[in-house]
Amino acid sequence: MTKPFRLLDEIRANVNDTAGRTCAVKVVLETLTPDDRADLLAAFDDLSVTSAAIYRALNHRGVDVSQFSLQRHRRGECRCG
């Protein structure tokens with residue numbers, strides 16, 4: 001029987017799983033036109049605009065990014081931060 005990991009070991013393992021990955025929102029920003037990029041950044045700065053609304057608008061335009069990635073980027077908890 002395998003000895004269970006300590007919680008800290010498991011947390012550290014999860015941090016290492018994301019090492020080197022690029023923020024999905026950063027990838028999206030690099031693919032947008034300058035006007036769309038400015039609009040998306042303005043939407044992130046506008047607290048009256050929800051991440052769900054941003055997700056729906058991007059999804060409608062065929063942009064493949066998760067709502068979770070948008071939320072994480074907006075909070076500064078992504079690889080960009």
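## Overall architecture

This report concerns a predicted model. The protein chain contains five helices and zero strands, and its elements follow the order α-α-α-α-α from the N terminus.

Of the 81 residues in the protein chain, 22% count as buried. Among contacts in the chain with a separation of 6 or more, 51% are made by residues 24 or more positions apart.

## Packing of helices α2 and α3

Two packed helices are described by the angle between their axes and the distance between the axes. Helix α2 comprises residues 24-31 and helix α3 residues 34-45. The two pack at an angle of about 145°, and their axes are 9 Å apart.

On the α2 side, the contact is formed by V25, V28, L29 and E30; on the α3 side, R37, L40, L41 and F44 meet them. By class, this contact of α2 with α3 has six nonpolar residues, two charged residues and no polar residues.

## The nonpolar core

In soluble globular proteins, nonpolar side chains tend to be buried together. In this model, the largest nonpolar core has 14 residues. Those with the most contacts inside the core are V25, L40, I54, L58, V65 and L70. Helices α2, α3 and α4 (51-60) each supply at least two residues of the core.

The surroundings of L70 can be listed in detail. Leaving aside residues up to four places away in sequence, L70 touches V25, F44, S51, I54, Y55, L58 and V65. V25 and F44 also take part in the contact of α2 with α3.

## Salt bridges

The count of salt bridges comes to two. In one of them, the side chains of D36 and R61 meet, with an N to O distance of 3.1 Å. Because D36 lies in helix α3 and R61 in the loop between α4 and α5 (67-75), this pair ties together parts that are 25 residues apart in sequence. D36 is partly exposed, with a relative accessible area of 24%, whereas R61 counts as exposed at 60% relative accessibility.

The side chains of E77 and R75 also meet in a salt bridge, at 3.0 Å from N to O. R75 has a relative accessibility of 47%; R75 therefore counts as partly exposed, since the exposed class requires over 50%.

Notes:
Residues are numbered from 1 along each chain as its sequence is written. This is a predicted model: local features need pLDDT of at least 70, side-chain atom pairs count only at pLDDT 80 or more; totals for chains, interfaces and linings use all residues. Side-chain values use heavy atoms; hydrogens and water are left out. Axes are lines fitted to C-alpha atoms, for helices over the stretch in contact, and angles run from 0 to 180 degrees between N-to-C directions. Helices (H or I, at least four residues) and strands (E, at least two) are DSSP runs, numbered from the N terminus. Contact means heavy atoms within 4.5 Å. Ala, Val, Leu, Ile, Met, Phe, Trp, Tyr, Cys and Pro count as nonpolar, Asp, Glu, Lys and Arg as charged, and the others, Gly among them, as polar. A nonpolar core is a set of buried Ala, Val, Leu, Ile, Met, Phe, Trp, Tyr and Cys residues joined through side-chain atoms within 4.5 Å. Buried means under 20% relative accessible area, exposed over 50%, partly exposed in between (1.4 Å probe, protein chains only). A salt bridge is a side-chain nitrogen of Lys or Arg within 4 Å of a carboxyl oxygen of Asp or Glu.
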